[in-house]
Amino acid sequence: MSQPTLTITDLQASVEDKQILKGINLTVKGGEIHAIMGPNGNGKSTLAAALMGNPKYAVTKGTANLDGESLLDLEVDERSKAGLFLAMQYPSEIGGVTNSDFLRSAVNAHRGEGNEIGLFPFVKKLNQSVKKLEMRDDLPHRYLNEGFSGGEKKRNEILQMLMLEPKIAILDEIDSGLDIDALRIVGTNITEMVKERNQEMGVILITHYQRLLDYIEPDFVHVLIDGKIVKTGDASLARRLETEGYEWLKAELGLQTLTIEEEATTAMSRPANIGSCGTRQKLGL
Amino acid sequence: MLPKHLQAYLGEDASLALVLSEDCVQFNNTPLTVNTLGDTTHENQAYFQRVMQATVQPLATYRSADDILVVELDAKRVVDQPIHIIHLHKEALFRRHVLVIAQPLSEMKIIEHHLNAEDNQPMLIEQTLELIVRDQAKLDYVSFDAFTQAAQVQMSRFGLVERYGELTWVLGSLSSGDTQTENITQLIGEGATSQSTLLTVGVGLQKQHHLVRIDQHAAYTKGNIINHGVVRDQAQGVFDGIGYIKNGAVKADAQQESRFMVLDDLARATTNPILLIDEHDVTAGHAASVGRVDAETLYYLQSRGLTIEQAQSLVTLGFLMPLIETVSDVTLREKLLTIIETKVVQHGA
């Protein structure tokens with residue numbers, strides 16, 4: 001089997017005419033785990049959304065190719081079928097659609113007409129995955145994400161990854177909202193899947209914290225500040241960021257950013273909104 | 001015995017059926033008594049007179065007593081198997097008036113089917129249906145119609161529930177021609193309850209108006225209305241949901257939820273949630289919405305490989321699914337699902 005390669009070159013993207021990504025260069029190969037870290041509102045989630053094709057984000061420059069095929073020319077569903085997967089920070093809740101119906105539609109969309117998965121292989125694989133993730137037995141019959149706790153939603157994203165077997169998986173803050181047990185389960189499952197698939201899957205892990213990296217050893221750690229990857233290192237970089245924060249790095253690179261105090265004041269003056277993410281914060285929305 | 005094609009249509013398990021065509025009535029093992037109103041018992045006739053005076057809104061404007069078919073289940077009879085009432089429509093103008101009585105302490109489930117002989121024949125379907133649920137009786141009534149756009153449909157349904165009786169309506173309005181329905185339930189006895197569920201899918205140039213009303217005359221009555229509709233193409237839909245708690249109906253509870261999902265730019269939908277309350281000591285609530293499929297939701301499903309059309313269909317079916325699941329008969333549920341899938345998924349009806 002082949003080793004996939006995702007090549008991102010000078011990727012620039014904006015949301016509501018505000019430029020967020022200012023030239024991302026990154027190559028991810030099958031078997032590799034890349035962690036992307038960085039302060040809130042610097043473009044981590046935007047990178048994920050721009051790659052997947054979220055209609056709210058406009059790519060203004062650059063390329064992103066998966067095995068030589070330009071992802072940016074494809075519709076969202078075609079990107080998925082090409083092998084890209086995004087575990088979302090805020091998965092949608094969809095009433096009336098059971099997990100198993102949804103997953104079967106998704107798996108079959110990937111396999112294509114005439115090559116649909118049989119009911120028994122599907123159920124077997126689904127049950128195995130549910131067990132691996134230590135999820136509730138009735139999960140297949142529950143409506144998609146409806147009434148799920150934060151942790152259940154995140155595990156359900158990983159379940160979809162197990163079922164769809166992507167070439168490149170982007171996991172956007174998969175650790176937020178997870179308690180310590182769920183963190184271990186999610187972390188070990190990701191690591192196992194990368195190992196089992198033997199260079200057929202690469203992972204981009206977007207995270208704030210080192211704690212998820214206790215269970216997933218990244219090969220590369222990238223720091224994304226102000227729309228650019230400013231530093232790349234190995235797992236030790238993540239550990240240093242965890243203990244010392246980003247200030248030393250900004251100082252080392254001579255970056256002009258808001259001081260922590262200023263950030264705190266802007267945060268106070270902003271009205272609370274549900275589901276606010278880094279980009280919205282950055283825009284002061 | 002039922003004709004083979006009807007047995008096949010209803011499924012092997014269906015054993016109780018009443019087949020009504022223009023000129024004849026056929027029974028199959030039904031535990032029901034069937035009469036015209038003129039021929040029914042004096043007791044029943046006297047009762048109807050009383051009922052008509054007791055309710056503010058008469059049950060329906062009676063035509064000649066011989067045109068009304070009375071279908072009756074004896075007191076204390078409990079029938080577990082669903083009873084199928086099949087209307088065979090052959091003629092262009094079709095009027096029918098059926099009155100169903102569940103006598104005290106009886107229980108039954110009725111599934112009503114409308115079948116037409118020729119698919120694209122222009123037709124006018126006019127049906128009046130009355131359901132009377134007497135003291136502590138239970139009646140589950142499921143009715144659906146799926147005529148082509150050539151048929152105009154007018155359904156008037158009335159329910160009357162006495163002390164601690166329970167009337168459940170599940171109405172699937174799945175025809176593709178202009179459709180008007182009114183579904184009015186009077187809860188006249190203490191503790192009477194009614195649950196009304198209506199689902200519809202509007203396609204093409206179809207216009208639809210559905211009125212669902214529950215009047216609560218007595219104490220401890222409970223009325224719950226749920227309407228879910230989908231409109232696509234250039235279809236138009238209106239839901240009027242009316243919960244009316246009359247003076248003296250203490251501790252009554254009136255709830256309603258009316259929602260429309262709009263799939264295309266030129267489709268239109270309106271919901272009018274109305275609560276009329278003439279008593280202090282009651283509980284009531286309503287929810288209403290008209291909206292498109294959420295863009296985030298579509299993006300989420302697309303990111304899993306579904307095309308935008310597949311995603312849209314999945315969400316739309318999901319919107320109606322909880323209502324379809326209230327139908328307990330498996331054969332019927334599958335049938336409804338197939339009809340709904342076709343209507344939701346097909347393009348340019």
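**Entry 1: a helix in chain B**

I started with helix H3 of chain B and found it mostly covered, with six of its eight residues buried. A reminder to myself: this is a predicted model. The buried ones I noted are B:Thr297, B:Leu298, B:Tyr299, B:Tyr300, B:Leu301 and B:Gln302. Next I asked what covers the buried residues of H3(B). The cover includes H4 of chain B, and from chain A it includes helix H2 (76-82) and strand E7 (94-98).

**Entry 2: where the chains touch**

That took me on to the contact between the two chains, to which chain A gives 22 residues and chain B gives 20 residues. By type, the chain B side divides into eleven nonpolar, seven polar and two charged residues.

**Entry 3: the core**

I then looked up the largest nonpolar core, which has 162 residues. Those with the most contacts inside this core are A:Leu51, A:Ala87, A:Ala169, A:Ile170, A:Val203, A:Leu205 and B:Val133. Helix H4 of chain B (residues 308-324) turned up again here, giving the most to the core with seven residues. In soluble globular proteins, I remind myself, nonpolar side chains tend to be buried together.

For chain A as a whole I noted ten helices and twelve strands. Six strands make an open sheet with mixed pairing, in the order E6-E9-E10-E3-E11-E12. Which strands lie at the edges? They are E6 (84-87) and E12 (228-233), each pairing on one side only. Neighbouring strands of the sheet are turned by 20° against each other on average, direction ignored.

Within the sheet I followed E3 (residues 33-37) and E11 (residues 220-225) of chain A, which pair in the parallel sense over four bridges. A:Ala35 stands opposite A:Val221 in E11(A).

**Entry 4: chain A in numbers**

Last, I checked two totals. Of the 285 residues in chain A, 42% are buried. Among contacts in chain A with a separation of 6 or more, 74% join residues 24 or more positions apart.

Terms used: Residues are numbered from 1 along each chain as its sequence is written. Chains are lettered from A and ligands numbered from 1 in the order in which they are written. This is a predicted model: local features need pLDDT of at least 70, side-chain atom pairs count only at pLDDT 80 or more; totals for chains, interfaces and linings use all residues. A nonpolar core is a set of buried Ala, Val, Leu, Ile, Met, Phe, Trp, Tyr and Cys residues joined through C-beta atoms within 7 Å. A residue is buried if 20 or more other C-beta atoms lie within 10 Å of its own, exposed if 12 or fewer, and partly exposed in between; C-beta atoms are placed from the backbone. Helices (H or I, at least four residues) and strands (E, at least two) are DSSP runs, numbered from the N terminus. Two residues are in contact if their C-beta atoms, placed from the backbone, lie within 7 Å. Ala, Val, Leu, Ile, Met, Phe, Trp, Tyr, Cys and Pro count as nonpolar, Asp, Glu, Lys and Arg as charged, and the others, Gly among them, as polar. Two strands pair if DSSP finds at least two bridges between them. Axes are lines fitted to C-alpha atoms, for helices over the stretch in contact, and angles run from 0 to 180 degrees between N-to-C directions.
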